[in-house]
Amino acid sequence: MENKKGFSVKSLMKVKELGAVIPLILISVIATVVNPAFVSQANLIEILRTTSYTVMLGVPLTFLLASGRMDLSIGDNTALGGIIAAMAAVNLGLPLPIAIIVAIAVGMLVGFLNSLMVEWLALPGFIATLAMSNIVNGTNSVITNNTAISGISAGFKAIAQTRLFGVVPIPVLYAVVVAVVGHVIMSRTKFGRKVLAVGGNAEAANLAGINVKKLHMIMFMTVGAFAAISGILYCSRFSSAQLSAGAGTSLTILSSAIIGGTSMRGGTGTVFGTVLGCLLFAVISDALVVMGVSTNWQNVVYGLILVAALIIDYLRQKSTQRA
Amino acid sequence: MAEVVLEMKNITKEFPGVKALNNVNIDLRKGEVLGIVGENGAGKSTLMKVLSGTYSHDQYTGEIWVDGKKQQFNSVADGRNAGICMIYQEVSVMFDSSVAENVFVNNLPGKGLFVDYPKLYGDTQVLLDRVGLAVNPKTIVRKLNAGQLQLMSIVRGIAANPHILVFDEPSTALTDSEVDLLMDFLDRLRKDGVSCIYISHKLEEIYRICDRVTVIRDGQTIATRDAEDWNEADLIENMIGRKVENMYTKTPREFGEPVLEVEDLVVPHPTIKNRNIVDYTSFKLRKGEILGIGGLVGAGRSETLEAIFGKTTEGVSKKVKIHGKEVTINTPQDAIKAGIGFATEERKLTGFVDTMDIMYNISLASLDDIPGKLFVDTKAETEEVVKHFERLRVKAPSLHQMVVNLSGGNQQKVILAKWLMKNPDILFIDEPTKGIDVGTKSEFYKILDELANEGVSIVMVSSDMPELISVSDRVIVMCEGKITGELDKGELTQANVMRLAITK
């Protein structure tokens, strides 16, 4: 029976970003109570910095998910981006802008190969991009012989280590730009509309004259490009390209987007929600540290959030079906 | 009068803000077929959900009596145990299992962990013979065609030996000969003393098989009479609650030059090797003409449209001329650029985007025509969308209603609006009024007539015989992938179409 209460829960479920907002507030409050240092300026800036790195990838991934596809190779592709940029700049001595372009091009190539597998060979995206993740991970080991590449120039370091007004790390600015541009593209442009249509019903979109394969290819390559950019930022921040940069972030970023309100099934996507989701993960990892919980628990918590996000996604799907 | 096996008394079911059923009363007698007719949204499906136990007894008011006993169902299983079986329009099956496994999935014969396959196949064969469905029990269900699939779900329904059977639009995917099978089967059920409820939009079938007919409108039972006491006009009038002077609108018009010429279209059969589902087909479409394509299910009609439009390309060969000039169409984008629009048969699968609202669906094909290079000029978009939304009289509270929540007729209007906004020269429309109620059908015929008068050339595939011969200016009939004949205005009769449809 439809009683009053069921009705309000239903309408609440329609606020896509809710899944991220509630735990965000809850955890922040708890962390502050346990240790007031959580709200210190230094700590908040640290949270923002962590968030900015995942937002850079979370926003393009939101588009890919909204178009009905996913990519589990982004984590390793991130590491590859840093490695290629560092090798080009340090080992080959190429000028910094060229090194960056080469790294982005390689990231896009990985995205292109993903789209080749998923769109043209019709392989299941989940497994195909997971396989790509392994390939890229192995390639990273091979080309670096499992050692970090250091010795990058001061200019390279400045990309991520600069602080605005001496306080805010510059990646935060990059992330804000990416998020704002992403939001505008998703909600206002023809391209954004097509992404949502393709994710909602690819065949109907195809028959309406939208080139579905091309659109997916563009999305995969954009995600690849941003993985490389994110890798370059990590490399700059740590003054060296490390194999572990970005490792394991694929699922975290995917979870951020889903808990923020983007559906795994395609057809809906909210950039704002993804930013909140990224913020949530940054807050959790920080809160665990601040509250003195062993970092061993981090992955357990992350996994639980992903499960919760999937449940919310499922419930949301159910509630909109009978709206 | 035969004994009453089922009585539903004063059934009222409310949804938030809507009374879906308002004091509905029906009774079903032993060994009869009771027809239930009504427009989409009249409450037929809700009523059947009440009867089947999909809605438990505390979700509605009123009483259900089966064989003189008052029943309160909590679940579909309770309904089934009381001997009521529902056969739904949408078939849910396990595609990679055999027919036999599908039929007896709830009740596989055998001891312990093991299935007694010989008995399973034997029992299934008996049931298949009863319905008259000529397939092997071991056949994998994926290989069945739409009609066989629908008949199989009937076989599955009778496996539990119910004494009350409810058929909800059981013939949508059936060919005429399969409909005959179904009618014979219903007749035998009736003689065996089984009582059936038959819900259908197809009045022809209602007249053919039903003993009595109940009309439901706006959630209320309007009247129940013996089938022979209903004349068709009366029945329709009661269903829609007003008089219909003319179901079909047809104004005389002149046809121009050929706008579309198709030559030697070949489409390979999707499942059978070395066979073509469309086999060297050629036809012409003139400006302002409504060309109907008739034929049985599987004759290659939909496949013809899909191949011309670039929806299917694998193994397809064709020569297409538009306005006398040869064009290459490899994708739907090419077809749209050439001025073709295509409203497909499977509305939910290929017609609209279910995560989007009415407005976004209507503008979907015209996004690139809306002013603005990168951004959508929503003011211009809304203006244009509203124009078509109003012209087609889509019944919805606002443009921001989700299309999924609309009735079939209104979904089809949204799809048509999408193509009208694109302003095509040529419109393909496959089964334009499938599953749509009588009142809305009539609106569609008027719109198609208007469009043709405006110079749009239309190719319409239809299995609805009266519709095909009344709406079309000219009909080509297909059989096994070939065009077996062409009928001009004067020769358009159901008998002529049928004769050509079975000409080999």
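Which residues have the most contacts inside the largest nonpolar core? Keep that in mind while browsing these close-ups of a predicted model, where local features need pLDDT of at least 70, side-chain atom pairs count only at pLDDT 80 or more, and totals for chains, interfaces and linings use all residues. Residues are numbered from 1 along each chain as its sequence is written, while chains are lettered from A and ligands numbered from 1 in the order in which they are written.

**View 1. The nonpolar cores.** A:Ala85, A:Ala103 and B:Ile458 have the most contacts inside the largest nonpolar core, a group of 167 residues. A nonpolar core here is a set of buried Ala, Val, Leu, Ile, Met, Phe, Trp, Tyr and Cys residues joined through C-beta atoms within 7 Å. Buried takes 20 or more other C-beta atoms within 10 Å of a residue's own, exposed 12 or fewer, and partly exposed is in between, with C-beta atoms placed from the backbone. H11(A) gives the most to this core, 15 residues. A second, separate core holds 61 residues, including B:Val103 and B:Phe167.

**View 2. Two helices of chain A cross.** Helix H5 (residues 96–120) and helix H11 (residues 212–237) of chain A pack at about 145°, their axes 7 Å apart. Helices (H or I, at least four residues) and strands (E, at least two) are DSSP runs, numbered from the N terminus. Axes are lines fitted to C-alpha atoms, for helices over the stretch in contact, with angles from 0 to 180 degrees between N-to-C directions. The contact of H5(A) with H11(A) has 16 nonpolar, seven polar and two charged residues. In that count, Ala, Val, Leu, Ile, Met, Phe, Trp, Tyr, Cys and Pro are nonpolar, Asp, Glu, Lys and Arg are charged, and the others, Gly among them, are polar.

**View 3. A covered helix.** Ten of the eleven residues of helix H12 (residues 249–259) of chain A are buried, among them A:Ile253 and A:Leu254. After H12(A) comes A:Gly261, with a positive phi near 120°.

**View 4. Where chain A meets chain B.** On this interface, 23 residues of chain A are in contact with 28 residues of chain B. Helix H9 (190–200) and helix H10 (202–207) of chain A each supply at least two residues of the chain A side, and H9(A) has the largest share, six residues. That side has nine nonpolar, eight polar and six charged residues.

**View 5. An open sheet in chain B.** Six strands line up as S6-S7-S8-S3-S9-S10 with mixed pairing; two strands pair if DSSP finds at least two bridges between them. Strand S6 (84–87) and strand S10 (220–226) of chain B are at the edges with a single partner strand each, so one side of each has no neighbour in the sheet. The twist averages 20° from one strand to the next. S6(B) pairs in the parallel sense with strand S7 (residues 164–168) of chain B over four bridges.

**View 6. Two exposed residues of chain B.** B:Lys69 sits in strand S5 (residues 69–71) of chain B and counts as exposed because it has 8 C-beta neighbours inside 10 Å. B:Asp192 lies in the loop between helix H6 (176–191) and strand S8 (195–199) of chain B; with 10 C-beta neighbours inside 10 Å, B:Asp192 is exposed too.

Terms used. Two residues are in contact if their C-beta atoms, placed from the backbone, lie within 7 Å.
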